[in-house]
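Hi,

Here is the structure I promised to send over. Have a look first, and my notes on what turned up are below.

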Amino acid sequence: MLVLTRRKNESIVIGDGIVVTVLEVKGDQIRLGIAAPRDVPVHREELLAALEAANRSAVMPAGDAVLPTPRPAAGRTRRRAA
Amino acid sequence: MSVRTLPAPEPRAARDVPELAFPLGLPGFPGPRRFALLRWGSDGPWSVLVDLDDADVRFLVVPPGVFFPDYQAVLDDALVAAIGLEDPSDCLLLVIVSFPAGGGPGTANLLGPVAISTRTLRGVQAVLSDTRLSTRTPLPA
């Protein structure tokens, strides 16, 4: 990992046209501005990590599945055994 | 809601359905990947998103409006560009649903809906910025 120290209003340029700027430093929170080409996704790391974990656990096992049939939301529904 | 056992969709069916290009794959399954969307059951809202090059990579998906009628996904510019989405009506939105192995209610990933352009046949999984959304939202009974 490349480690740089920046002050408020200073920036880092990554690759071809990605610019990360420190906008504000308040206590232990740092507000960052990211300028990137439109097609470059930028996400909070923990959200991406949560999505990776969710996808890995969501892979369907092989074979048949018991799936619910949604009913229109009118009145109570009863659960029936498969 | 009622439940029933559905047999797994025929892999042969993947030949007759359009190939969806996911240039970035999915988080946890880096791309590029080719997927097919197969209906699961002749009626009902379920489909399976199957990796055409890896049969083990398959996800149960459903349009979010089926279980979450108030759900709205705000798609950012990067996502729109990634799938070449020009008209919102070209966008097919699906959420991945999982059922725990031991049985019990399923959960939907509302934080990361899958967006597919029905015109370009490209897809991507969004990472929404609404912090109230969860990757494991229980399906309403």
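Phe35(B) counts as buried, at 0% relative accessibility (buried means under 20% relative accessible area, exposed over 50%, partly exposed in between, with a 1.4 Å probe and protein chains only). Phe22(B) is buried as well, with a relative accessible area of 0%.

Before going on, the housekeeping: this is a predicted model, where local features need pLDDT of at least 70 and side-chain atom pairs count only at pLDDT 80 or more, while totals for chains, interfaces and linings use all residues. Residues are numbered from 1 along each chain as its sequence is written, chains are lettered from A and ligands numbered from 1 in the order in which they are written, and side-chain values use heavy atoms, with hydrogens and water left out.

Over all chains there are four aromatic pairs (rings of Phe, Tyr and Trp, the last by its six-membered ring, with centres within 6.5 Å; planes under 30 degrees apart are stacked, over 60 edge-to-face, the rest tilted). One of them is Phe22(B) with Phe35(B): the ring centres are 4.8 Å apart and the planes at 65°, so this pair is edge-to-face. Phe22(B) lies in strand 2 (residues 20-22) of chain B and Phe35(B) in strand 5 (residues 33-39) of chain B, so the pair ties together parts that are 13 residues apart in sequence. (Helices, H or I with at least four residues, and strands, E with at least two, are DSSP runs numbered from the N terminus.)

Then there is Trp46(B) with Phe67(B), whose ring centres are 5.6 Å apart with planes at 45°, so that pair is tilted.

Over in chain A, three strands form an open sheet in the order 1-2-3, with antiparallel pairing (two strands pair if DSSP finds at least two bridges between them). Strand 1 (11-14) and strand 3 of chain A stand at the edges with a single partner strand each, so one side of each is left without a neighbour in the sheet. Four bridges join strand 1 of chain A to strand 2 (residues 18-26) of chain A, and Ile12(A) stands opposite Val20(A) in strand 2 of chain A.

One more for strand 3 of chain A: Ile34(A) lies in it, and Ile34(A) is partly exposed, with a relative accessible area of 44%.

Cheers
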